[in-house]
Amino acid sequence: MSEPIDPNEFRGRGLGTSDSLSLNPVFLRPGEATDLPKTRMPESESLPETAYQIVHDEAMLDGNSRLNLATFVGTWMDERAARLYTEAADKNMIDKDEYPQTAAIETRCWTILADLWSSPDPEGSIGTSTIGSSEACMLGGLALKRRWQARRRSEGKSTEAPNIVLSSAVQVCWEKFCNYFEVEARYVPISLEHRTLDGHELDKYVDENTIGVVAIMGVTYTGAYEPVAEISAALDRIAADTGVDVPIHVDGASGAMIAPFCHPDLVWDFRLDRVASISTSGHKYGLVYPGVGWVVWRDKSALPDELIFYVSYLGGDMPTFALNFSRPGAQVLLQYYMFLRLGFEGYKRVQEQSLAVAQYLAHELAKIPAFELWNDGSDIPVFAWMLKKGYTEKWDLYDLSDRLRMKGWLVPAYPMPDDLADVTVQRIVVRNGLSHDLATALLAEIKTEVDFLDRLQAPIPREGRRVMFHH
């Protein structure tokens, strides 16, 4: 495979190659410029109608978000949510004193999540909203690091070499965390025998410098849950044998908003004493438009006070913990809207429908002779499949992805991590909005394209093929 696309090749040009925008004469108003530079500020003003039309037409060249089965991020909300979004677009989440009700609603939301995730004392927990689950993960990791440092100092030991233990299939935000906050990443490789981080040989990676273990509820590559209870049990054995006591952060970007509703008997959350913090994406299966994540700590002792800043709020002090400063408050209100709008039973119904569509697609794709399922979408509504070994030399899953893209469907193909880098999978993410009818249409397209590729007389050329999808 060729190298990824150099971002400098695009440098603001988008899909075109021209350095300027030429206005359609239909939209041109007297006295306006007919050409506008793409990467420099125009010399003069444009009428709002003209500027709108330009941006509208440029954005139209993007893919159809409803047919984007690569993303976990929500692409649909109802009309009242859209109205609320517009009404609250000017609210800044950091201004607690200016927008005290939005701040109060933020607190209600993470308290609701603490309760949903089986906190022993939701009112005694502490949490925050974030831009997305990547920031939430970094805050969770930073709290683990500071707790480890405080304990090491109290014992008179070095704090120079912290490490964190992760699956090799972890999302890239954890690589960023380790880079930005100078923590050694210890990756436990997945394999065909151990397809997730499951506690197997965990003792080879954990030592006195381990600040925590990350357990993923919904691996980005495949959608599978990592067995948090088994990871916790392995850490219990390590603690009993060595005295090294390591907490868990649950990266529940997707699964933390699926498991409580669809897998209530699965023990993965604060019911396990080792789980110190849980993060999720409100804009994934929290069913909100992009721009909100959440992180909740078991109790206030799990979040070092030195990381909390206090801002003026209704004459008192409001604790804040964030990497960002100014950020939208609208999505926090949208999250609360969804909690009120759906309630527990509504979320359960929506998530079960997504699971049903995912499992239908997986079941039908398994019938196609070319494919072998990696998983069946029974954890979160996400599943992946492989091309059967030896099935064909004429095409691969990248070719199928390209053919589907021509029809408007974005269904990514990519290599698995590290020890399985020679295995290519294709993945579908089912979100609210992908109906059974749309799924049936997608299935028909996949069968049509597989049939087309099977009829090729020679292999598809590989020269010049570029990687179009990255985690």
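**Figure 1. The lining of the second largest pocket, class by class.** In this predicted model, the lining of the second largest pocket divides into eleven nonpolar, three polar and eight charged residues. Here Ala, Val, Leu, Ile, Met, Phe, Trp, Tyr, Cys and Pro count as nonpolar, Asp, Glu, Lys and Arg as charged, and the others, Gly among them, as polar. The pocket holds about 620 Å³ of space, and 22 residues line it, with Leu387, Lys389, Asp422, Val423 and Thr424 lying nearest its centre. The elements that give two or more residues to this lining are β13 (382-387) and α9 (397-406). A pocket is an open set of points on a 1 Å grid over the protein atoms alone, with protein on both sides within 12 Å along at least five of seven lines; a cavity is a set of points where a 1.4 Å probe fits but cannot get out; lining residues have an atom within 4 Å of a point. Grid points are joined across faces, edges and corners, and a volume is the space filled by probe spheres set on the points.

**Figure 2. Two cavities and their linings.** The structure holds two cavities of 30 Å³ or more. The largest has a volume of about 80 Å³, and its lining consists of Phe72, Gly74, Thr75, Trp76, Lys284, Tyr285, Leu287, Val288, Arg431 and Asn432. By class, that makes five nonpolar, three polar and two charged residues. The second largest cavity, at about 40 Å³, is lined by Arg66, Leu69, Thr75, Val429, Arg431, Asn432, Gly433 and Leu434. Its lining has three nonpolar, three polar and two charged residues.

Figure 3. Tryptophan 76 sits in the loop between α1 (48-59) and α2 (79-87); helices (H or I, at least four residues) and strands (E, at least two) are DSSP runs, numbered from the N terminus. Because its relative accessibility is 43%, tryptophan 76 counts as partly exposed; buried means under 20% relative accessible area, exposed over 50%, and partly exposed in between (1.4 Å probe, protein chains only). Apart from neighbours within four places in sequence, tryptophan 76 is in contact (heavy atoms within 4.5 Å) with Arg66, Tyr289 and Asn432. Aspartate 90 is 14 residues away along the chain, and its C-alpha atom is separated from that of tryptophan 76 by 21 Å.

**Figure 4. Proline 189 and its partners from elsewhere in the sequence.** Proline 189 belongs to the loop between β5 (184-188) and β6 (210-216). Its relative accessible area is 32%, so proline 189 is partly exposed. Beyond its neighbours within four places in sequence, proline 189 is in contact with Ser168, Tyr205 and Asp419. Leucine 420 is 231 residues from proline 189 in sequence, yet the two are 8.6 Å apart in space, C-alpha to C-alpha.

**Figure 5. Two glutamates with positive phi.** Most residues other than glycine have a negative phi, which makes these two worth a look. Glutamate 182 has a positive phi of about 55° and lies in the loop between α5 (172-180) and β5. At 64% relative accessibility, glutamate 182 is exposed. Glutamate 201 also has a positive phi, near 55°, and is found in the loop between β5 and β6. With 34% relative accessibility, glutamate 201 is partly exposed.

**Figure 6. Cysteines without a disulfide.** The structure holds zero disulfides, a disulfide being a pair of cysteine sulfur atoms within 2.5 Å. Cysteine 137 is in none, and the nearest cysteine sulfur, that of cysteine 173, is 3.9 Å away. Cysteine 137 is buried, at 0% relative accessible area.

**Notes on numbering and computed values.** Residues are numbered from 1 along each chain as its sequence is written, and side-chain values use heavy atoms, with hydrogens and water left out. As the model is predicted, local features need pLDDT of at least 70 and side-chain atom pairs count only at pLDDT 80 or more, while totals for chains, interfaces and linings use all residues.
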